[in-house]
Every structure is written in C-alpha cells, then in structure tokens.
Amino acid sequence: MSEEKLHISSYRSHLFVLAGLLLLTAASVAVTNLEMGPLNTLVAMLIAGTKAAIVLTWFMHLKFDNKLYAIFTTLVFVIFLLVLYVTFFDYSYR
Amino acid sequence: MSETTTSKHVSFLQYKGKYKGILGWILSTDHKRVGLLYLYTMLVFFSIAAILGLLMKIQLIAPGYTIMGPQTYNSMFTVHGIIMIFVIVVPGLPAVFGNFFLPLMIGAKDVAFPRLNLASWWLYVIGILVVLSSQFVGGWPDTGWTFYAPYSFRTPANVLPALFGAFIMGFSSILTGINFVVTIHRMRAPGMTWFKMPLFPWTLYATAWIQILATPVIGITLLLTVMERVLGVGVFDPTLGGDPILYQHLFWIYSHPAVYIMILPGMGAISEILPVFSRKRIYGYKAIVLSSLAIAFVGYFVWGHHMFTSGMSGRALYAFSFLTFLVAIPSAIKVFNWVATMHKGSLNLQTPFYWATSFIFVFMIGGLTGLVLGSLATNVHVHDTHFVVAHFHFIVFGGTGYAFMAALHYWFPKMFGRMYDASWANIGWATFFAGFLTLYLPMFALGLQGMPRRYYDYLPEFHTGNIISSLGAILMIAGALIIITNLVRSSRHGKKVTDKNPWGGKTLEWQTDTPPTLENWEEIPTITDSPYEYK
C-alpha cells in the first residue's frame, strides 16, 4: 500500500465539481419546462448520468486511482445501460 | 481455560477467545464459524418451510377443504416461498460454503472484512425475524413471494414486515458479495493466478457481482412498494397513474439474476466434486470459468420471460425469448464438461458423487423444461400452471438443493472433523431422490393438463396426479429426515477424521488441518500447479 501514490484534490477542483453539479441541477429543472415528450426522460437521465460521472471521476478519485476501478465502474454502467435498453424494448413498442 | 484452546493453532471448533459458549459463536468473526452460523440458521428455517410445503401437499391430496382453507393456503405458499428463496437458496451456498471454504481454497486466513462478514449474518437474522414478526402483528402475508402489484398494496394481510425483512436480507447479500469480490481480488495466495484459482471461488466471484449489482434493484422496488402501500405514491398503482408492469420489470431485474446467485455456486461445488470422485482433471477448466461469467452476464437480460403473459410489447417478447435461449448455451457447456470429466474416470461411488450426478440429472430436466417456458408459443399455455412450479423446483431445489447436499457431504469431514455414516447417507439420498421425482414429475403433467398454481382446490380430473405428488412429498420429507438426523448426529458423534484429505482432493482446503485451525495456515502456501492435477 505504501507504494501507491496518494492524490489529494485541491479546493479548486472541489469547487468546480460543486459548480458543475449545481449548474446541471438547474438544467434538469429547466428542461422540465420544455415539451419534448418521451425525450424529457432521456434528457433528464443524461443530465443525471453526467452528474454521476463528475462525482465518480473527480470527487471519488476514479481519475487518479488504479485503472482497474475505472474499468469495473464502467462495466457496471454498461450493464445498467443495457438493462435500461432491454426494458425499453417493452415501453417503446407498446 | 487451557493454553491449547486459546492458541490460534487449535481447531476453530475448540478455540475459545474473548467470549465463551454461544457468544463465542454469534460474536465470532472467524469465517468458518460465520459459515456454520449460516448453516445452523438455514437448517432451522429450512425445516419450518419444508413443513409448510408438506402441509400444502397434504391439503392438495384431495379436492376441496382437506386441512386448510384458501386464506391459510395463500399464506402458506407465501411464507414457504419467502423463507425458501430469501432465507435458504439465495444466501445458501455462498453464505455457508463460500464463507467457510473461500479463504481456505485461495490460501487466505480469513475474508477481507471479517467484521462485515459477521454483520452480514446479523442482518440476515434480523431480516428473518422481521419477516416472521408479521405472524404477531396482523397475520402472514398472502401475496406470494413475488409481492406483485397492485395486490401487494391492496391486500388487507400484513405485507409490510415481509417487504422490510426481504429488504434487510438484501443488505446482507450485498455485503457478502462485496466481501467476496475484495477477498478474491486481494487475498489469493502467492502464485494463485486467476486461472489457477479453483472453480468454486470462480463461481462465487461471478455470483458476488450479481449480488452487488442486482440486489439494490429489489431493495428499491420493495421500498417503493412500502411507499405505495403506506403513502399511496402511485408508482405502480394504475388508479393513480402508475404502472403495475413496471413493478414486474423491477422485481424480475433482480429476481431472475437471483436464480443465478442460487445456481452458480452450486455449479462450482459440482465442479469441485466430480474431478475428485472421477480421479481425473476437470475437463475444460477455462470453458467452465468463462461460461460462469457468461451466465452471470447474460442472466441479467432475460428477466422478461417471467412476464410473457403480462402485457409487454411484442418486440420485448421476442427479445426476451431470444435472450433466454442464449443463456441456455453456457449452462449446457457446463453439463458437457461435467460428463466429459467423468468419462473414462476412475469413479469412486461415494455419497457426494451420488448427489453430484443426481444434480446433473434433475438440473437437466429443469433446464430443458425451462426451454418450454422460454419459448413464447408454449409459455402462453403453461404460464402460471403447475408446470412452472415443477420447473422451478427442479432448478432451484433440484439444482441448488442437490448441490448444497453434495457440497455438505463432500466438505463435512473438513468442517466437523468427523465422518457421517455412509450407509445412512446413501439411504437418505436414495429416499430423497425417489421422493423428489415422485413429488415434482406429476406436476409437469398436471400443468400441461391445465391445473393452475397457487390454488388450494382443483377439479376432480387432477386428483390422481395430486395423490402421487403428495405421497412423493411425504417420501421426500422422510429422506430429508434421514439425511439431517445422520448429519447432525455425526457432527457430534461421528467417527473422528484426522486425515487432512479423506477424499484425495487436490484443492487447497484439503491441505489444511481437519478441522481447520483458527487462522487456517501456519504459513500461507505458494501455488505452482493448477488445482486439478490428477495424473
């Protein structure tokens, strides 16, 4: 363990994460005013996904950690997306 | 307290640490004791659920009211299902044999997080108690173990404790999964590369990922059902704009992968037993490893085959049917590998081998009848009939249950340092096997004839099949009693085993003392060979 490099994030980086999350939260509220039909859900999910990616990458240090963790996290998201995709075989074609 | 009982080099059964008596067990973080705690808990609750099952079969021995009315029958199959699924078969092999043997098989002294491991058992017990508390606060639930919406939030029966209990047990499952993934990644003995790891840990690894990724979905779903029932939020309730089919999607997104949580470690145990009793290297080691991972992965995407008659879109039906057929391929690969392992082997006909080969037999019947259900055209006819009940008992009980018994008879001498009576074990197996087939085979015919599941009554034309099936249940319970009595008695009074390796196994657990010492190894072994080197 002692050979592993520790990464300490700066306040500046944390502030950027905070600002990004606040902006995207505002965006997700704003898009509810747009009438896009089923696309509303897609846009909301994309914004939420981006927020999750920001938290994982910078706040939870995936960017600076062993690449194995990034690979496994990505795999989890791929499975999640595939589950959603398969679910929409039902909802999109009813 | 003598020196020998406090030394870390004495048997884990004799070791006396900070606490004495029962506290020395229920507060122990030793992975072997935690494994046995799960075993004892499961034995108690399996007995309860099996009695409920037997009572249901006695009710069905004749049409009309025999020993119970419809409401009692509904509660019986609900509690039978909840206990059998959430308390026995989902945690089953990983919790008992995974906890006990994973560190031994990879050359570790314990799991990565021993305290978390004990906490998992406590959560499991708390979950069970919460489920059973419904008996004392409003009566048992009557929804079936699937808690389908909208009935689950409209029934006057008390469903909330069952939902909460299952939710708590889900946490136990997730924590065990995390523990195993970290243990396998970080604590393998020097020289044990991924492809030198035995197959049982491989299947535990695949299972652990399903536990981590799929279990939260059922947790959220059960909580949403609680909110629906208490607050009327309208996620699933069609009268409030909700979608009851969404409940089924969310429920099966977990509960179908859960079938692989149940069966994969069973397949791992069978893959350990067959080479030992065939005195032959396992055939197609990498094929078994990769098919385990493939089952875990593809198994995520087949849940819709439980919903073919629920009103999904036509396109979804085709997609799920195709994916269901796809997952049969890696399962079949394993069966071919097991048969090829036995081919031209020097077969040693002992009790674990009987359980392992009968596992293959019943699993094949379960698997092939699964294809009948995976096919859209035939599914429509047999959906929600006794055919389905027979199929899943062949897979869940015949698969996981037989693998569990095979593993228990295989690893018993290592776990308890004593040997069971082989004659009684074989008589128990034969009685159980005969009872099992007599109980469940007629249910395929009853289902094809149109007898629905979950009914306490039936038309007279179904009487003969039900009589045979009920007699089979009695025979099977007799077999289970012989097996349990033999094992319980032998764990205390059986012939002592001091040989480290009574079966001649090649995997690491057979190189430790019998029973293992508290920290398993005086010195962590270095691995040079693959785990099944029979020459």
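Where chain B meets chain A in this predicted model, the contact (heavy atoms within 4.5 Å) takes 22 residues from chain B and 16 residues from chain A. Within the area that chain B buries against chain A, B:Phe301, B:Ser313 and B:Arg315 supply 27%, more than any other three residues. Together the two chains bury about 1,600 Å², of which 74% lies on carbon and sulfur atoms; buried area is the accessible area (1.4 Å probe) that two parts lose on being put together, summed over both.

One salt bridge, a side-chain nitrogen of Lys or Arg within 4 Å of a carboxyl oxygen of Asp or Glu, is found across this interface. B:Asp243 forms a salt bridge with A:Arg94, and their closest N and O atoms are 3.5 Å apart.

Residues are numbered from 1 along each chain as its sequence is written, and chains are lettered from A in the order in which they are written. Local features need pLDDT of at least 70, side-chain atom pairs count only at pLDDT 80 or more, and totals for chains, interfaces and linings use all residues, while side-chain values use heavy atoms, with hydrogens and water left out.
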